[in-house]
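Dear colleague,

I am handing over the structure below, together with some notes on what turned up in it. Please read the notes with the coordinates open beside them.

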Amino acid sequence: MNQSDSILTQSPQALTQQLADWGIPSWRTKQIQEWIFHHRAVSFEACANLPKTLREKLSSHYKFYSAPLLCVTGHEGETRKFLWKLCDGNLIESVLIPAPAANTGHTSSNSEENRNTLCISTQVGCACGCKFCASGRSGFIRNLAPEEIIDQLLGAERWNPHQNKRLIHNLVIMGMGEPLANYENLMKALSIMNAEWGANIGARKITISTSGLAPKIRRLAAEEAQYRLSISLHAATDAVRSLIMPINRKYPLKELLDACEAYQQTKGRMISFEYILIDRLNDTPSQCQGLIRIAHRFHAHINLIPYNPVEGCDFKRPPQETIRKFTSELLAGGISATLRQEKGGNIDAACGQLRLRKMKDLSEK
Ligand code: SF4
């Protein structure tokens with residue numbers, strides 16, 4: 001047993017085996033995992049109904065991972081951001097979104113209302129370098145371990161002001177980092193967040209977003225779990241996409257869309273596309289027509305997101321009238337589209353902004 005193994009990532013089988021080696025009955029496995037995933041304990045000491053000797057054995061064998069919450073921004077009913085401090089001092093963000101319909105690629109229904117979504121990070125920094133993104137600006141630092149991915153969900157539930165009911169119902173893997181570039185750790189974390197013995201979030205309530213790692217999309221198609229897939233498209237032609245997303249030079253639109261088609265054929269599942277509207281770049285009538293063609297090919301839903309300014313970046317949000325026209329043209333073209341209306345509109349609204357601001361504050365102290 002590796003002493004740095006996290007208790008968060010132990011399967012019931014692995015944990016039961018370890019308990020058996022200690023001569024401890026298997027029913028303790030369920031108790032331990034309930035402490036982690038239902039009561040969201042942060043240490044073995046907190047697991048009150050476990051015998052002291054067992055708590056000591058567990059402490060000496062497993063790491064009980066839990067990142068401190070540095071701050072939360074936003075107000076009740078609005079998008080809220082969590083900033084976590086990892087063991088090595090690195091900072092990551094998660095975002096709580098009160099209206100999941102805007103992010104999961106599906107229009108709202110009554111049963112989905114008031115169902116919260118948590119947007120989770122998978123890397124510290126990001127190597128993709130999208131020009132509109134705060135996370136890509138400081139480059140790639142490292143992949144998150146599976147427990148660091150899972151702990152964002154457990155941490156948000158720990159923060160939940162209404163402890164009598166569950167806070168998070170949907171997950172979008174769209175925070176800092178390119179999720180499919182941290183493929184193995186992400187799959188392990190998702191399998192635990194999806195498992196009945198784990199966080200028990202249905203696979204169909206989990207959306208993985210990618211900037212377009214075509215080979216990994218094909219790999220994802222071969223996975224058993226039915227996660228949803230969302231593509232950060234942001235342009236309808238290679239010329240514009242390569243300008244704002246360097247990944248497009250490696251996997252141009254044809255390669256990306258062919259991989260999406262293969263995914264859709266294998267999984268029989270709908271794909272959604274994210275499209276950040278940037279003034280006079282990808283908000284033109286010709287980009288809109290290109291987007292309509294792509295959306296028709298996949299019968300895909302489009303999530304339109306007006307650009308949120310990022311410090312040090314020259315892009316601008318289009319005027320309201322342009323946003324309105326672009327949206328109506330899509331709808332007139334027979335496309336299902338949602339315009340994400342940011343509530344709150346604080347200066348850290350763009351992905352990765354809060355982390356950058358905090359890092360700057362800390363370095364100035
Ligand atoms: S948008 Fe996503 S993939 Fe692109 S740099 Fe930002 S975190 Fe990375």
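The shell of residues around the ligand divides into 5 nonpolar, 5 polar and no charged residues. The model is a predicted one, and in it the ligand is surrounded by Cys126, Cys128, Cys130 and Cys133, by Gly129, Gly136 and Gly177, by Ser135 and Ser211, and by Phe132.

Asn200, although it is not a glycine, has a positive phi of about 55°, and it belongs to the loop that runs between helix 7 (183–194) and strand 8 (206–210). With a relative accessible area of 40%, Asn200 is partly exposed, because that value falls between the 20% and 50% cut-offs.

His299 also carries a positive phi, in this case near 50°, and is likewise a residue other than glycine. Its place is the loop between helix 12 (285–298) and strand 11 (301–306). The relative accessibility of His299 is 62%, so this residue counts as exposed, the cut-off for that class being over 50%.

Conventions: Residues are numbered from 1 along each chain as its sequence is written. This is a predicted model: local features need pLDDT of at least 70, side-chain atom pairs count only at pLDDT 80 or more; totals for chains, interfaces and linings use all residues. Side-chain values use heavy atoms; hydrogens and water are left out. A residue is near a molecule or strand if one of its heavy atoms lies within 4 Å of it. Ala, Val, Leu, Ile, Met, Phe, Trp, Tyr, Cys and Pro count as nonpolar, Asp, Glu, Lys and Arg as charged, and the others, Gly among them, as polar. Helices (H or I, at least four residues) and strands (E, at least two) are DSSP runs, numbered from the N terminus. Buried means under 20% relative accessible area, exposed over 50%, partly exposed in between (1.4 Å probe, protein chains only).
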